Amino acid sequence: MRALEGGSTHYSDSMGDYEFRRLIAKNNMNSRGFEPEIDQVLVTPGANIMIYYAVRCLVNPGDEVIVQNPCFPTYLSVFSFCGVKPVAVPLKEENEFRLDPKDLEERITDKTRLIILNSPHNPTGAVMRREELEEVAEIAIKHRIYLYLDEIYSRMNYGETPFYSPSIIDKCKDYLILANGFSKAFAMTGWRLGVGIGPKHVMEKMGLLLQTTSSCVPSFIQKAGIEAILGDQNPVREMMSTYKRRRDLLVAGLNSIDKIECLNPGGAFYVFPNIKKTGLSSNEFAGRLLEEGKVGVCSGSDFGSSGEGYIRLCYAVSEAEISEGIRRIKAFVEHL
């Protein structure tokens with residue numbers, strides 16, 4: 001409000017306000033162990049559109065992008081729009097939905113231009129281990145392929161597997177691109193504030209694309225980002241404690257239902273239970289649960305072919321709603 005009243009309502013630098021970018025760089029030292037140069041930092045209108053910027057600037061039509069399967073559906077929409085070919089690496093429940101670096105390297109071809117890696121992961125909530133992340137980064141650098149690290153849920157980690165960013169390996173100077181935002185950790189979904197850190201020449205091109213599509217991120221929004229970073233972090237910690245209680249309640253409730261099995265995710269705010277024993281496809285289960293049980297869930301197949309046999313639930317709701325949802329799901333499954 002002070003920023004609006006103070007006149008921060010005009011055009012700003014398309015790359016982002018200097019004060020905000022400098023703070024992002026310094027804060028990155030605390031969170032990831034290196035401080036990028038100012039020209040490596042790009043402020044975007046949300047982290048979502050950064051996926052489009054990266055693919056559009058780095059991948060030609062007909063070339064390939066390696067992605068986890070299941071994955072955030074925006075990736076697939078961007079690939080389709082840009083005319084690039086997605087190459088899926090299936091995530092396996094027996095590996096807690098963590099990507100196996102060997103599975104990834106087997107899919108690299110002379111047409112591979114980009115790898116997208118999301119950890120903590122949407123839709124499964126999986127958190128990759130440090131050694132796995134380092135191996136993926138080393139594979140990308142060895143093959144001279146850009147690696148886009150979607151770390152939007154980086155602060156949403158419950159501690160079982162500590163968060164680690166492999167971006168420190170090349171400090172985002174050559175092949176690694178770090179994408180983050182304020183929607184999840186600070187509950188600023190409507191503010192549309194994202195940040196990218198990467199090689200200077202890549203950030204410059206992405207910045208030009210931003211300039212010609214949306215001009216800039218409003219300065220008053222960036223002022224809010226500064227307050228989020230520098231302000232009292234207790235509300236964030238309290239939010240994560242609340243999410244952990246909700247996660248534990250939801251996972252225990254799902255595992256109490258016959259024919260449903262659910263892993264305990266290490267991050268984000270999703271669970272990805274296995275519903276194969278019900279005999280229904282993911283779409284059938286989600287559709288009938290909505291109609292008959294009055295519970296809305298996402299079909300796992302909405303996130304890719306490897307999501308078939310699963311559903312995604314989001315626990316950004318109250319504990320009372322979770323308990324009622326579990327009661328309804330249990331009643332629905334018992335009457336199948």
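Which residues does L254 touch, not counting residues up to four places away in sequence? The legends below start there. The model is predicted.

**View 1. L254 and its partners in the largest nonpolar core.** L254 touches I260, C262, V271, P273, L313, I326 and I329. That list leaves out residues up to four places away in sequence. The largest nonpolar core holds 61 residues. L254 is among the members that touch the most others, along with L114, Y148, F285 and I329.

**View 2. The salt bridge between E35 and K26.** The structure holds 21 salt bridges. In one of them, the side chains of E35 and K26 meet, at 3.9 Å from N to O. E35 is partly exposed, with a relative accessible area of 36%. K26 is also partly exposed, at 45%.

**View 3. K200 and E37, a bridge across the sequence.** The closest N and O atoms of K200 and E37 are 2.6 Å apart, and the two residues form a salt bridge. K200 sits in helix α7, which spans residues 200–214. E37 sits in the loop between α2 (18–32) and β1 (41–44). The pair therefore ties together parts that are 163 residues apart in sequence. K200 counts as partly exposed, at 38% relative accessibility. E37 counts as partly exposed at 39%.

View 4. K92 and D103 form a salt bridge. Their closest N and O atoms lie 3.3 Å apart. K92 belongs to the loop between β3 (85–90) and α5 (101–105), and D103 belongs to helix α5 itself. The two residues are eleven apart. K92 is partly exposed, at 37% relative accessibility. D103 has a relative accessible area of 13%. That is under the 20% cut-off, so D103 counts as buried.

**View 5. A four-residue network of salt bridges.** Here the bridges join up into a network. Its members are E160, K244, R247 and D248.

**View 6. The largest pocket and its lining.** The volume of the largest pocket is about 330 Å³. Its lining comprises 19 residues. N27, S31, R32, R155 and N180 lie nearest the centre. At least two lining residues come from each of α2, β6 (176–181) and β7 (194–197). Helix α2 gives the most, with five residues. By class, eleven lining residues are nonpolar, six are polar and two are charged.

**View 7. E321 on helix α11, with R246.** E321 lies in helix α11, residues 319–334. E321 is partly exposed, with a relative accessible area of 49%. Along the chain, E321 and R246 are 75 residues apart. Their C-alpha atoms are separated by 10.0 Å.

View 8. Most peptide bonds are trans. N69 and P70 are joined by a cis bond, with omega about 10°. P70 falls in the loop between β2 (64–69) and α4 (73–82). N122 and P123 are likewise joined by a cis bond, with omega about 25°. P123 has its place in the loop between β4 (112–118) and α6 (130–142).

View 9. Most residues other than glycine have a negative phi. C172 has a positive phi, near 60°. C172 is in the loop between β5 (146–150) and β6. Is C172 buried or exposed? C172 is buried, with a relative accessible area of 0%. K259 also has a positive phi, of about 80°, although it is not a glycine. K259 is in the loop between α9 (234–255) and β8 (270–271). K259 counts as partly exposed, at 34% relative accessibility.

Terms used:
Residues are numbered from 1 along each chain as its sequence is written. This is a predicted model: local features need pLDDT of at least 70, side-chain atom pairs count only at pLDDT 80 or more; totals for chains, interfaces and linings use all residues. Side-chain values use heavy atoms; hydrogens and water are left out. A nonpolar core is a set of buried Ala, Val, Leu, Ile, Met, Phe, Trp, Tyr and Cys residues joined through side-chain atoms within 4.5 Å. Buried means under 20% relative accessible area, exposed over 50%, partly exposed in between (1.4 Å probe, protein chains only). Contact means heavy atoms within 4.5 Å. Helices (H or I, at least four residues) and strands (E, at least two) are DSSP runs, numbered from the N terminus. On a 1 Å grid over the protein atoms alone, a cavity is a set of points where a 1.4 Å probe fits but cannot get out, and a pocket is an open set with protein on both sides within 12 Å along at least five of seven lines; lining residues have an atom within 4 Å of a point. Grid points are joined across faces, edges and corners, and a volume is the space filled by probe spheres set on the points. Ala, Val, Leu, Ile, Met, Phe, Trp, Tyr, Cys and Pro count as nonpolar, Asp, Glu, Lys and Arg as charged, and the others, Gly among them, as polar.
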